[in-house]
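User: I would like to learn how to read a helix and a group of aromatic rings in a model. Can you take me through one?

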Amino acid sequence: MLRQSLLAFRPSSRKKPAFNPTPSAWNTLRSIVDGGNSRALTTSSDDKDPNNNSDNVKKKLVWTVGKNPIVEQLWSMRHEEKERAKKTGGLDGASCDLTKSGGKIHIHRAPSHSETSIDYPFSTDELLMEGYKNPWGQMRFGRILEDLDALAGNIAFRHVAGNPLIVTAAVDRIRLRCRPTIGSDQRLSGKVTWVGRSSMEIRMKVEDTSNPNEDEREWLEAYFTFVARDPETNKAVPIAGLQPQTQEERAFFELGALKSAHKKKSRQKRFRIGEPLNEAMLAIDKEASELLKKSGALLSMPSLADPNTILMNDTEMQNAHIAQPQVRNMSNRIFGGFLMRRAFELAFSTAYMFGGDKPNFLEVDDISFDSPVDVGDLLIFKSRVLYTMPSGGNIGKYVADHQGMPLVIVEVDAWVVDPTKASAKISNHFYFTFALPNKSTCRTVLPGTLEDARRMASRMSDDREQASWG
């Protein structure tokens with residue numbers, strides 16, 4: 001019922017002014033390309049400010065060197081917000097409601113307070129458009145993933161009170177409604193839709209602003225979860241409450257609460273060494289055993305097995321990367337959007353190699369941020385086709401044009417390894433779904449071990465439940 005009420009809402013037509021950035025390093029490059037018609041970095045009012053110190057210059061270098069222009073603009077915007085927060089304590093009487101109980105002051109904000117947007121003028125800015133074009137003249141979704149992470153951070157910071165450390169806890173879901181036209185103007189926007197004690201859910205969307213039909217403008221939606229931490233102790237700290245103002249905002253708030261409860265329930269499915277299996281884990285284990293049975297011929301008599309099957313470990317790919325300072329974030333750690341882009345591009349390549357067809361990206365789910373990545377870390381990205389739906393499947397009504405197409409679900413793990421200590425730890429998990437638009441079927445992936453079977457069964461269960469949300 002709740003999902004139906006959400007579908008009844010049209011995307012809001014109320015337009016908030018998009019961020020108008022100051023000149024930057026990107027303008028310097030543009031001035032060269034355009035023959036000197038654009039202003040360069042040296043014309044910035046900040047550079048003319050006699051009070052501007054070397055620390056501010058160093059901070060600017062973090063969000064200009066090696067960053068795409070949208071991320072650069074968003075981080076410049078967040079820096080301005082941080083400077084204002086230092087002066088006001090993060091309290092804006094015009095945009096928050098203060099209540100007092102139990103001797104403590106409680107702050108409540110409307111979702112509109114955190115609403116933020118930024119425009120992509122692709123129709124008039126050819127240089128910007130080139131940065132978002134893939135080899136086939138379509139949208140490079142890895143770049144959009146970077147922008148989503150940067151915008152989510154801005155939205156989270158606008159909602160919290162004070163100046164805490166805000167951290168990406170998870171990316172719950174990013175999915176495409178349709179495939180965008182690269183030459184059309186786009187708008188990325190979002191706001192906080194649900195909050196807990198120290199965590200918040202942020203919903204973002206990308207719209208084709210040149211589409212005359214407002215109901216068909218939105219082509220991507222994304223849900224991120226952020227948590228606020230004390231910069232000194234790294235412990236979770238309370239954040240401002242949320243006061244939905246409209247029926248649509250109340251519906252999204254209720255949906256966020258349901259999803260939060262569902263996450264807690266999903267944790268019961270995780271297998272832990274030394275702990276007894278609960279009911280949910282027993283169901284996963286049973287499905288895993290059935291999957292492993294199907295692998296018998298492939299494991300023991302590969303020459304006689306069904307040629308349309310393949311073992312999961314035969315689909316694996318990997319690459320390595322040294323975390324460079326040019327991809328650090330405003331906290332001087334590696335930018336989460338960069339990790340998502342690298343994982344996406346490996347997952348795309350894995351699906352391409354597996355299916356023999358240029359895949360269509362449909363969605364990415366349950367990105368976890370288990371441990372931070374620092375400058376200089378050696379990153380190993382490992383991918384595998386986790387399972388397939390050779391005859392197609394349903395991943396929800398939001399995602400269009402996937403019915404009947406073979407679906408390929410790719411898992412990517414990001415590892416931080418230290419060869420000097422012979423140590424390794426997981427930093428991120430990613431789950432991507434692709435369609436093979438020009439194929440009628442694909443191979444069925446089967447597990448080679450019980451661990452692989454449990455991994456496959458657990459993901460299948462999560463995907464079935466998520467599809468039921470719409």
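This is a predicted model: local features need pLDDT of at least 70, side-chain atom pairs count only at pLDDT 80 or more; totals for chains, interfaces and linings use all residues.

User: Which residues of α10 are buried?

Analyst: Start with the general idea. An α-helix has 3.6 residues a turn, so residues three or four places apart point the same way. Here, α10 runs over residues 279–294, and its buried residues are M281, I284, D285, A288 and L291. Viewed along the axis of α10, these lie within an arc of 120 degrees, so they line one face of the helix.

User: What do the buried residues of α10 pack against, and what is exposed on the other side?

Analyst: The buried residues pack against β15 (444–446) and α13 (450–467). On the other side of α10, the exposed residues are E279, K286, K293 and K294.

User: How many aromatic pairs does the structure hold?

Analyst: There are 18. To read a pair, take the distance between ring centres and the angle between planes; over 60 degrees counts as edge-to-face. One of the pairs is W136 with F348, which is tilted, at 5.8 Å centre to centre and 40 degrees between the planes.

User: Is F348 buried or exposed?

Analyst: F348 is buried, at 14% relative accessible area. F348 also pairs with F434: the ring centres are 6.1 Å apart and the planes at 75 degrees, so this pair is edge-to-face. F434 is in strand β14, 86 residues from F348, and is buried too.

User: Which charged end sits over the ring of W136?

Analyst: That of K358, 5.2 Å from the ring centre. W136 itself is partly exposed, at 40% relative accessibility. One aromatic cluster includes W136, F348 and F434.

How values were computed. Residues are numbered from 1 along each chain as its sequence is written. Side-chain values use heavy atoms; hydrogens and water are left out. Helices (H or I, at least four residues) and strands (E, at least two) are DSSP runs, numbered from the N terminus. The expected span of a helix is 1.5 Å times one less than its number of residues. Buried means under 20% relative accessible area, exposed over 50%, partly exposed in between (1.4 Å probe, protein chains only). The arc is that of the directions from the helix axis to the C-beta atoms. Contact means heavy atoms within 4.5 Å. Rings of Phe, Tyr and Trp (its six-membered ring) pair if their centres lie within 6.5 Å; planes under 30 degrees apart count as stacked, over 60 as edge-to-face and the rest as tilted. A charge sits over a ring if NZ of Lys or CZ of Arg is within 6 Å of the ring centre and within 35 degrees of the ring normal.
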